[in-house]
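Trainee: Before I plan any work on this protein, please take me through its model. I would like to go by questions.

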Amino acid sequence: MKNILLGVTGGIAAFKSASIVSLLKKKGYDVKVVMTKNATNIIGPLTLETLSRNRIYVDMWDTNPHYEVEHISLADWADMVLIAPATYNIIGKVANGIADDMLTTIISAVSIRKPVFFALAMNVNMYENPILKENIDKLKSYGYRFIEVEEGLLACNYVAKGRMTEPEDIVAEIERYDIYSKIENFNTALKDKKVLITSGRTKENIDPIRYLSNNSSGKMGYSLAQAAIDLGAEVTLISGPTNLEIPKGLKSFVSVESALEMYEKVDEYFGDTDIFIACAAVADYRPKEYKKEKIKKSDSDLILELVRNPDILFEMGKKKDKQLLIGFAAETNDIKENALKKLEKKNLDFIVANNASTMGNNTNTVEIIRKNKTSIKINQKNKIELAYDILKKSF
């Protein structure tokens, strides 16, 4: 899916369309831009023409010589349509079948089999208007897709919901769609499934200053959460400390710090879960005693006594009823052998084995091992692609 038609409307966020075009081009997409006349008052067509390296379309009655019915040829050319910003006005027009300019006419001519995304952007009162909700629900029923607004400082000086999602996040959603739309029945593959995921690292405090932890970034778990959302699941993410942005569309996000806190939250949600994915790097041990004041340096060695933390996946494996259990094994040696031991001991349905050296990386090579000991190896993919591959094994 390489041809993207970007529609730019007359919202103040139109200035961000330059970044969207630039990012899409860097990702290898061919981009053509259609602007409303109002959009040209916010950002000049020449800017977008330079970035896209394609002619910009504004006027249905352009006198430049051409030999095609352009609104039809552009609709046929596009693999995907992205409207950013998508204003209250454009949503109302499309929802009610109005095609009175170049952009709305093209949208009306796009095949219903092609994805059309609206990246919403407007004043909070317009966003909360029930007419908008009715129009969005109507368009969703026809298969149109929406990239939700964010909360922040708006052009009208309100601090509220209505700000367009940042260009990097919009392009990331387009890229994810490019991946997961290849999955059969992708948008309903996990519909009505409740997915519980743990991610990130845990921290075991020694004193107010020091703690025990590990190098996990949480990227794999967060990718799994986003992929499960994309595939239609109701997702709860229980996360230890990370520097990652919380995935959009979660049912619940639960922030924890220690292994004990994570265990308690998993136990709380587990009974009402269909699929449990234990991706967090949980500390096996914690200090037996927490010092309320900073431990002072002395001339002698410091000896810490550690006690075992509960093995979350092992305990859930004992409670397992209808749940599908997926574990991860990050190992430094004898990777498959150690993963097989965990698979059997913890009563898992399958386990994802990988080398611990990949912690923090954006890519990984993994081996997915099933309960019957058959396996499949997936070489060097980015973690969001791996997330879809892993989840495909659960349906």
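Predicted model: local features only at pLDDT ≥ 70, side-chain atom pairs only at ≥ 80, totals over all residues.

Mentor: Residues are numbered from 1 along each chain as its sequence is written, and side-chain values use heavy atoms, with hydrogens and water left out.

Trainee: How are the rings of Phe-118 and Phe-146 arranged?

Mentor: Rings of Phe, Tyr and Trp (its six-membered ring) pair if their centres lie within 6.5 Å; planes under 30 degrees apart count as stacked, over 60 as edge-to-face and the rest as tilted. A search of the whole structure finds six aromatic pairs. For Phe-118 and Phe-146 the centres are 5.3 Å apart and the planes are at 20°, so the pair is stacked.

Trainee: How many residues apart in sequence are the parts that this pair ties together?

Mentor: Helices (H or I, at least four residues) and strands (E, at least two) are DSSP runs, numbered from the N terminus. Phe-118 lies in strand β5 (residues 116-120) and Phe-146 in strand β6 (residues 145-147), so the parts tied together are apart in sequence by 28 residues.

Trainee: Is the pair of Tyr-180 and Tyr-388 stacked or tilted, and which helices hold the two residues?

Mentor: The ring centres of Tyr-180 and Tyr-388 are 5.6 Å apart and the planes are at 45°, so the pair is tilted. It links distant parts of the chain, 208 residues apart. Tyr-180 is in helix α8 (residues 167-180) and Tyr-388 in helix α13 (residues 383-392).

Trainee: Which residues form one aromatic cluster?

Mentor: Tyr-180 and Tyr-388 are both buried, where buried means under 20% relative accessible area, exposed over 50% and partly exposed in between (1.4 Å probe, protein chains only). The cluster consists of Phe-117, Tyr-177, Tyr-180 and Tyr-388.

Trainee: Which residues does the UniProt annotation "binding site" cover, and how far apart are the farthest two C-alpha atoms?

Mentor: UniProt positions are given in the numbering used here, feature names are shortened, and annotations may be inferred rather than shown by experiment. The unreviewed UniProt entry covers Asp-284, Lys-294, Pro-310, Asp-311, Ile-312, Leu-313, Phe-328, Lys-342 and Lys-346. These residues do not all gather at one spot, because they span 63 residues in sequence and their farthest two C-alpha atoms are apart by 37.7 Å.

Trainee: Which residues does Lys-294 touch, not counting residues up to four places away in sequence?

Mentor: Lys-294 lies in the loop between β15 (285-287) and β16 (306-308). With a relative accessible area of 43%, Lys-294 is partly exposed. Contact means heavy atoms within 4.5 Å, and beyond residues up to four places away in sequence Lys-294 touches Asp-207, Pro-208, Ile-209 and Arg-210.

Trainee: Where does Pro-310 lie, and which residues does Pro-310 touch, not counting residues up to four places away in sequence?

Mentor: Pro-310 sits in the loop between β16 and α11 (312-319), and its relative accessible area of 23% makes it partly exposed. Leaving out residues up to four places away in sequence, Pro-310 touches Leu-260, Tyr-263 and Arg-286.

Trainee: What is the phi of Gln-380?

Mentor: Gln-380 is in strand β20 (residues 375-382) and counts as exposed at 52% relative accessibility. Although Gln-380 is not a glycine, its phi is positive, at about 30°.
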